[in-house]
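Please look over the sequence and the fold below before reading on. The text then goes through the structure part by part.

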Amino acid sequence: MEFRETDFKYVMQDISKVYIGARLTYRELGDQYDTPSKIKSVIYRVVIDEVDLDTMICEHLLTLDPKSRTYMMYEQMNATFKVLTRQEKLDKKGVLKEEYITKMYSLPELMGDDSLREENSSSVIQEICIKKRKLMGLAL
């Protein structure tokens, strides 16, 4: 899939959740003015030891090791991941049409889905969703 430079690069918040665009790099996430300070602390204390800060979050998630501190951090925050999948489907007239399906994954589900790691995968990790309540209880 082709993306513009700013697709899926955002930090948004509502009353109970923080939404992070997965195409941000960790450095861009740390530099955003509306990133919660707890997430910035996690980036500069945990993630910086395991991966270069110029790595996109979506790329890092696909190579995440279940024994790493970053994996434990996402697991402790109980993060969910929005994944967009493109599928081709035949309509009633026999014409092939593209259909886009979004699905929310937990961290173990995301790690267990091997179709995301394929070379020509039609799936894209769009967003990370973190509940603020879990974020407040995050032990650094």
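What follows covers the overall build, the sheet, the core and a few single residues.

The model is predicted: local features need pLDDT of at least 70 and side-chain atom pairs count only at pLDDT 80 or more, while totals for chains, interfaces and linings use all residues. Residues are numbered from 1 along each chain as its sequence is written, and side-chain values use heavy atoms, with hydrogens and water left out.

The protein contains six helices and five strands. Both kinds of element are DSSP runs numbered from the N terminus, helices being H or I with at least four residues and strands being E with at least two. Read from the N terminus, the order of elements is β-β-α-α-α-α-β-β-α-β-α. The C-alpha trace spans about 55 × 30 × 25 Å along its principal axes. For 140 residues, a compact globule would have a radius of gyration near 14 Å, and the 16 Å of the protein agrees with this. That radius is taken over C-alpha atoms, and the globule rule is 2.2 Å times the number of residues to the power 0.38.

Of the 140 residues, 41% count as buried. Buried means under 20% relative accessible area, exposed means over 50%, and partly exposed lies in between, with a 1.4 Å probe and protein chains only. A contact means heavy atoms within 4.5 Å. Among contacts between residues at least 6 apart in sequence, 59% join residues at least 24 apart.

In what order do the strands of the open sheet stand? The order of its five strands is 1-2-5-3-4, and the pairing is antiparallel. Strand 1 (11-13) and strand 4 (96-106) stand at the edges with a single partner strand each, so one side of each has no neighbour in the sheet. The twist averages 25 degrees from one strand to the next; axes are lines fitted to C-alpha atoms, for helices over the stretch in contact, and angles run from 0 to 180 degrees between N-to-C directions. Two strands count as paired if DSSP finds at least two bridges between them.

The sheet can be followed from strand 1. Strand 1 and strand 2 form a hairpin with three residues between them, and they pair in the antiparallel sense over three bridges. In this pair, glutamine 13 stands opposite valine 18 in strand 2. Four of the five residues of strand 2 are buried, so strand 2 is largely enclosed by the rest of the structure. Five bridges join strand 2 to strand 5, and these two run antiparallel. Here tyrosine 19 stands opposite cysteine 129 in strand 5. Cysteine 129 is also the bridge partner of threonine 80, and strand 3 and strand 5 are joined by six bridges, again antiparallel. Strand 3 pairs with strand 4 in the antiparallel sense over eleven bridges. Valine 83 has lysine 103 in strand 4 as its bridge partner. The hairpin of strand 3 and strand 4 has five residues between the strands, and in it glycine 94 takes a positive phi near 85 degrees.

A nonpolar core is a set of buried Ala, Val, Leu, Ile, Met, Phe, Trp, Tyr and Cys residues joined through side-chain atoms within 4.5 Å. The largest one has 36 residues, and those with the most contacts inside it are Ile20, Ile57, Leu61, Tyr74, Leu110 and Ile128. Elements that each supply at least two residues include strand 2 (17-21), helix 2 (37-50), helix 4 (69-76) and strand 5 (123-131). Helix 2 gives the largest share, five residues. Leucine 110 touches Leu61, Phe81, Val83, Tyr105, Leu116, Arg117 and Ile125, not counting residues up to four places away in sequence.

Which residues of helix 4 are buried? They are Thr70, Tyr71, Met73 and Tyr74. These residues cover an arc of only 160 degrees around the axis, which puts them on the same side of helix 4; the arc is that of the directions from the helix axis to the C-beta atoms. Their cover includes helix 1, helix 2, helix 3, strand 3, helix 5 and strand 5.

Two loop residues remain. Asparagine 78 is found in the loop between helix 4 and strand 3. Most residues other than glycine have a negative phi. Asparagine 78 has a positive phi of about 55 degrees although it is not a glycine. At 42% relative accessibility, asparagine 78 counts as partly exposed. Aspartate 65, in the loop between helix 3 and helix 4, is partly exposed at 40% relative accessibility. Aspartate 65 and methionine 111 are 46 residues apart in sequence and 8.9 Å apart in space, C-alpha to C-alpha.
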